Amino acid sequence: MSHTISTQALRKDFGENTAVSNLTLEVGRGEVFGFLGPNGAGKTTAVKMLLGLISPTAGSAKVLGAPLGDHHARAKIGFLPEHFRFHDWLSSVEFLRLHGNLYQMPAQLLDRRVAELLELVGLENHTNKKLRTFSKGMMQRIGLAQALLNKPDLVFLDEPTSGLDPVGRRLVRDIIHDLSEEGTTVFLNSHLLSEVEITCDRVAFIRQGEVLTTNSLKNLVEGELTVEIRARNVTPSVLEELSRWGENIRLDGEHLSLTLSSEADMPQVIRHLVENGIDVYAVKPQQLSLEDLFIQVVGTEGGL
Amino acid sequence: MTILVIARLTFREAARRKILLAALLLGLLYLAIYGVGFYFVNQDISNSQFGPGLLELNQIRNFLFMAGMYVVNFLTVAIAVLTSVDTLSGEITSGTIHTLVSKPLQRWQIVVGKWLGFAGMLSLYLLLMAGGTVLLVYLISGYTAPNIMRGLGLLWMNAILLLGVSLAGGAVLSTLANGVLVFGMFGIAFVGGWIEQIGSFIQNQTAIDVGIISSLLIPSEALWKRAAFEMQSPLVSTLGFSPFTASSMPSLVMVIYGMIYAILALLLAIRLFNKRDL
């Protein structure tokens with residue numbers, strides 16, 4: 001299978017500081033890939049290397065089959081930078097036309113696309129407004145439109161929702177969903193974990209410029225989970241038998257908790273308790289959230 | 001053509017700046033003052049009873065014309081530097097460069113596009129100011145200085161040369177550092193030029209050498225001196241000294257050096273910007 005992005009031991013030093021130390025990852029075609037890590041972990045530096053904005057100190061990578069910095073490949077790439085600063089003396093239409101011209105889009109196609117995108121990001125009523133007068137959220141929306149002008153095969157979104165209100169966030173989520181339906185690969189840099197949890201197929205955790213682990217979010221959902229049970233009359237023998245399905249079994253008054261290796265075991269646990277005459281009042285599965293996983297993998301330091 | 005897209009963007013961005021507006025207003029103010037001043041001086045010397053002959057009249061007119069061109073040269077150079085000094089460094093700092101560089105174009109196209117945009121704007125400004133001066137002098141007195149096109153070409157080269165230096169500096173330095181660098185170099189050339197002028201007048205070889213070395217460092221003053229030499233009346237050059245004319249006229253080799261310098265400055269800007277992490 002050919003990968004949209006594949007990197008081998010990418011490294012970037014700025015003087016004595018290492019921003020990215022050993023980045024090896026693969027992103028498949030059509031995947032929505034989340035790139036997670038604390039602030040300063042090297043996420044933006046990694047994206048900039050993949051876009052050819054900065055050149056790596058060592059290592060190699062291919063993006064859309066082309067080596068880093070290949071300007072032809074960029075014809076099929078869209079990019080929303082983290083600090084979306086644009087030529088703010090342009091109106092939204094002028095701004096999109098400028099960037100469409102840089103993609104060398106034919107005039108008619110460009111006009112159509114500009115109108116389409118302004119509607120998509122909900123700025124169709126602000127076509128002649130100067131970007132200078134835009135709010136942060138509007139800037140982000142127009143930046144997103146800019147990143148999609150060329151119907152890219154690969155889109156880099158660096159913190160696309162950080163300036164948006166809940167409505168804007170949902171919009172971005174929907175756009176990402178549509179992109180992935182159309183087979184576009186989305187590379188999402190974010191520290192807003194709930195966003196990533198909803199939108200991404202796969203996530204990589206990065207710390208100090210190194211990928212710690214890559215997880216499919218499907219595994220996360222289907223993986224182990226902790227169950228909190230409120231029950232009375234729990235006897236030691238019943239408790240002991242629970243170890244057949246789970247571990248970390250704890251009983252604290254009425255509160256019983258245990259970790260199951262899979263959700264599929266849950267009915268058996270409940271049946272076991274009930275059949276042994278135990279009064280069960282509540283069963284609450286505590287799914288491991290992305291945030292829990294993040295803390296587990298990356299640790300609580302960082303973000304400095 | 002992606003280069004032209006960038007050139008157009010640069011031209012529009014430069015044109016909407018307050019610096020250019022100020023330069024235009026100052027330029028128009030200069031033309032107005034110059035026209036009025038020239039009119040009265042010309043009237044006075046032409047009507048003088050024991051007045052000078054046509055030859056001497058034209059000396060004075062040429063002298064006044066050169067004074068005007070001196071101002072035009074200075075204004076154009078100042079605009080060249082002030083408008084372009086932050087075009088790369090500023091876009092790098094603000095991050096607007098990120099969306100440009102990530103498009104399917106090569107970095108040299110951005111530099112050349114910017115260069116073209118500024119060069120276009122400078123050409124128009126120079127044409128307006130120098131053309132205005134030439135026209136005023138002609139309309140008021142009927143006098144035209146010799147070799148005006150050659151002189152204008154050299155003034156244009158001067159502005160383009162400083163534009164290249166300012167782009168090259170902006171590819172690696174912060175806006176402030178770049179401004180200090182370019183104006184500093186311009187200042188050195190200016191002072192060096194005068195030392196050479198005086199050295200040549202009192203025939204001091206060391207002073208002349210100092211001037212030549214500073215011209216090699218940046219030949220902007222030399223280009224102005226050559227332009228002034230081209231446009232001065234032949235009599236002034238044989239008689240010798242006026243503040244605007246050079247007793248040691250920069251050679252043709254220096255002009256060619258200036259041309260190569262301007263091209264190398266642009267190539268250096270491209271090279272530095274290519275290597276820069278953004």
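Colleague: How many salt bridges are there between chain B and chain A?
Modeller: Two salt bridges link chain B and chain A, where a salt bridge is a side-chain nitrogen of Lys or Arg within 4 Å of a carboxyl oxygen of Asp or Glu. This is a predicted model, in which local features need pLDDT of at least 70 and side-chain atom pairs count only at pLDDT 80 or more, while totals for chains, interfaces and linings use all residues. Side-chain values use heavy atoms, with hydrogens and water left out.

Colleague: Which side chains meet in a salt bridge, N to O?
Modeller: One of them joins K12(A) and D277(B), at 2.6 Å from N to O.

Colleague: And how many residue pairs are in polar contact between chain B and chain A?
Modeller: The count is 15 residue pairs, both residues at pLDDT 80 or more. A polar contact is a pair of N or O atoms within 3.5 Å; within protein, one must be able to donate a hydrogen and the other to accept it, and residues adjacent in sequence count only if both atoms are side-chain atoms.

Colleague: Which elements of chain B give two or more residues to the side that touches chain A?
Modeller: They are α1 (2-15), α4 (87-94) and α5 (96-101) of chain B. Helices (H or I, at least four residues) and strands (E, at least two) are DSSP runs, numbered from the N terminus. The largest share of that side, six residues, comes from α1(B).

Colleague: What is that side like by class?
Modeller: On chain B, the side touching chain A has eight nonpolar, eight polar and eight charged residues. Ala, Val, Leu, Ile, Met, Phe, Trp, Tyr, Cys and Pro count as nonpolar, Asp, Glu, Lys and Arg as charged, and the others, Gly among them, as polar.

Colleague: How many residues does the contact take from each chain?
Modeller: Chain B gives 24 residues and chain A gives 27 residues, with contact meaning heavy atoms within 4.5 Å. The area buried between the two chains is about 2500 Å², and carbon and sulfur atoms give 61% of that. Buried area is the accessible area (1.4 Å probe) that two parts lose on being put together, summed over both.

Colleague: Back to α1(B). Which of its residues are buried?
Modeller: T2(B), I3(B), V5(B), I6(B), A7(B), L9(B), T10(B), E13(B) and A14(B) are buried. Buried means under 20% relative accessible area, exposed over 50%, and partly exposed in between (1.4 Å probe, protein chains only).

Colleague: What covers them?
Modeller: The cover for the buried residues of α1(B) includes α2 (92-102) of chain A, together with α2 (18-47), α4 and α6 (107-141) of chain B.

Colleague: New topic: chain A. What do the buried residues of α5(A) pack against?
Modeller: They pack against β3 (32-36), α3 (107-120), α4, β7, β8 and α6 (193-199) of chain A. The buried residues themselves are G168(A), L171(A), V172(A), R173(A), I175(A), I176(A) and L179(A).

Colleague: What follows α5(A)?
Modeller: G183(A) does, with a positive phi near 90°. T184(A) is in the loop between α5 (166-181) and β8 (185-189) of chain A. T184(A) is buried, at a relative accessible area of 5%. Leaving out residues up to four places away in sequence, T184(A) touches residues including G30(A), P152(A) and L179(A).

Colleague: Which way do K151(A) and E159(A) go, buried or exposed?
Modeller: K151(A) is exposed, at 53% relative accessible area, whereas E159(A) is buried, at 5%. K151(A) has a positive phi of about 45° and E159(A) one of about 50°, although neither is a glycine. K151(A) sits in the loop between α4 (136-148) and β7 (154-158) of chain A, and E159(A) in the loop between β7 and α5 of chain A.

Colleague: What does the side chain of N189(A) make a polar contact with?
Modeller: The side chain of D158(A), at 3.1 Å. N189(A) lies in strand β8 of chain A and is buried, with a relative accessible area of 0%. Not counting residues up to four places away in sequence, N189(A) also touches E159(A), among others.

Colleague: Last one: where is V227(A) found?
Modeller: In strand β11 (residues 225-232) of chain A. V227(A) is buried, with a relative accessible area of 2%. V227(A) and V211(A) are 16 residues apart in sequence and 30 Å apart in space, C-alpha to C-alpha.

Methods: Residues are numbered from 1 along each chain as its sequence is written. Chains are lettered from A and ligands numbered from 1 in the order in which they are written.
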